[in-house]
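This briefing sets out selected features of one protein model, grouped by topic. Please read it alongside the sequence and coordinates shown here.

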Amino acid sequence: MKSATSEEAAVPSSGEEGTAPPRAVEESADDERRRARRSRRYRLDVRWSPYAFVMPFFVFFLAFGLFPLLYTGWASLHRVELTAPTDMEWVGLRNFSRLLEDEFFWNALKNTVTIGLISTVPQLLIALGIAHLLNYRLRGSMFFRVAALTPYATSVAAATLVFVLLFGRDYGMINWALGLVGFDHVDWQNGEWTSQLAVSTIVIWRWTGYNALIYLAAMQAIPNDLYESAALDGASRWQQFRHVTIPSLRPTILFTCVVSTIGATQLFGEPLLFNGSAGATGGADHQFQTLGLYLYEQGWVNLHLGRASAIAWAMFLILLVIGAVNWLLARRLSKSA
């Protein structure tokens with residue numbers, strides 16, 4: 001009996017070391033396969049997830065950016081009407097050569113430059129002053145920052161309609177205020193310079209706060225050591241602003257100048273709604289018709305899609321020139337710095 005017991009004890013059981021049971025072997029193989037699948041998914045995730053995250057941008061850019069750009073470029077080389085966009089007649093560069101002879105195109109370009117200058121220069125100067133004030137510790141500074149950004153959040157239509165009432169000839173508040181100091185009423189909508197000044201005022205009101213916050217963010221990135229050193233040298237606040245703040249803000253000022261110039265080139269909503277009865281003509285004498293309005297008039301009023309496409313590409317080329325000037329100026333500033 002004792003020998004039999006010892007023989008039985010010498011035989012390894014299924015739970016001891018030795019031959020593993022079939023179920024344990026299957027479970028270990030399944031674990032290895034699961035780990036392999038997880039490792040494969042992890043490698044795929046690391047490799048392709050960044051592309052998946054940026055894919056929506058490229059899809060929308062191709063659909064709403066690159067395709068319209070290429071299509072308008074192709075349409076600008078044809079005579080095509082909006083009523084029959086598939087019927088195209090090849091005319092080559094005829095649409096562009098007609099722009100060089102078109103007095104309305106040059107008038108729209110002149111108005112765009114004029115309104116751009118009248119709106120951009122005061123806008124950026126006022127924004128710089130507001131940012132300088134907000135850069136100091138003020139009570140309720142957060143309230144003033146939000147208030148400065150409120151015009152930018154206001155819709156173009158609402159802002160323009162309010163300014164139309166303010167610049168009204170007979171019952172406008174601006175003419176009422178001018179009458180109090182002895183000036184006659186001004187026909188803001190029908191005069192050339194007055195209408196351009198009124199449209200520029202809308203642009204200034206909407207975008208000054210936005211640029212002020214950009215300047216404020218750049219000012220807060222200037223090291224305080226520079227101001228402390230200037231104060232030790234006896235520099236006043238105005239001297240610190242001239243010799244410390246302005247040189248440090250040169251790249252930001254250049255950026256806002258370029259962005260404001262691009263926005264002025266594409267100006268559309270404000271002049272369109274400023275005189276609703278005139279529509280896309282920009283006044284009875286086209287006195288405040290911009291390139292955006294002229295493009296709209298040719299494409300959606302006169303239905304000349306080919307000519308409108310040529311105007312769009314002319315605006316695109318102008319923006320390319322602005323971008324090239326920006327690059328040259330930025331390069332020169334970086335070298336001087």
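Does Tyr210 count as buried, partly exposed or exposed, and what is the relative accessibility behind that label? Tyr210 has a relative accessibility of 27% and therefore counts as partly exposed, given that the partly exposed class lies between the 20% limit for buried and the 50% limit for exposed. The model is a predicted one.

**Packing of H4 and H8**

- Helix H4, spanning residues 103-134, packs with helix H8, spanning residues 192-220, at an angle of about 35°.
- The axes of H4 and H8 are 6 Å apart, and the crossing of H4 past H8 is right-handed.
- Sorted by class, the residues in the contact of H4 with H8 are 20 nonpolar, nine polar and two charged.

**Aromatic pairs**

- Across the whole structure, a search identifies 19 aromatic pairs.
- For Trp207 and Tyr210, the ring centres are 5.5 Å apart and the planes stand at 90°, so this pair is edge-to-face; the class applies because planes over 60 degrees apart count as edge-to-face.
- Trp207 and Tyr210 both belong to helix H8, and because they are three residues apart there, about one helical turn separates them.
- Trp207 has a relative accessible area of 29% and is therefore partly exposed; Tyr210, at 27%, is also assigned to the partly exposed class.
- Elsewhere, a cluster linked by ring pairs consists of Phe163, Phe167, Trp188 and Trp205.

**Ser309 in H14**

- Ser309 lies in helix H14, which covers residues 305-336.
- The relative accessibility of Ser309 is 4%, so this residue counts as buried, the limit for that class being under 20%.
- Once neighbours within four places in sequence are set aside, the contacts of Ser309 are with Thr72, Ala75 and Ser76.

- Strand S1 comprises residues 78-81, with His78 and Val80 on its covered face and Arg79 and Glu81 on its uncovered face.
- Strand S2 comprises residues 84-90 and pairs with S1 in the antiparallel sense over three bridges.
- The link between S1 and S2 is a hairpin of two residues.
- Glu81, from the uncovered face of S1, stands opposite Ala84 in S2.

Terms used
Residues are numbered from 1 along each chain as its sequence is written. This is a predicted model: local features need pLDDT of at least 70, side-chain atom pairs count only at pLDDT 80 or more; totals for chains, interfaces and linings use all residues. Side-chain values use heavy atoms; hydrogens and water are left out. Axes are lines fitted to C-alpha atoms, for helices over the stretch in contact, and angles run from 0 to 180 degrees between N-to-C directions. Helices (H or I, at least four residues) and strands (E, at least two) are DSSP runs, numbered from the N terminus. A crossing is left-handed if the near helix is turned anticlockwise from the far one by less than a right angle, and right-handed if clockwise. Ala, Val, Leu, Ile, Met, Phe, Trp, Tyr, Cys and Pro count as nonpolar, Asp, Glu, Lys and Arg as charged, and the others, Gly among them, as polar. Rings of Phe, Tyr and Trp (its six-membered ring) pair if their centres lie within 6.5 Å; planes under 30 degrees apart count as stacked, over 60 as edge-to-face and the rest as tilted. Buried means under 20% relative accessible area, exposed over 50%, partly exposed in between (1.4 Å probe, protein chains only). Contact means heavy atoms within 4.5 Å. Two strands pair if DSSP finds at least two bridges between them.
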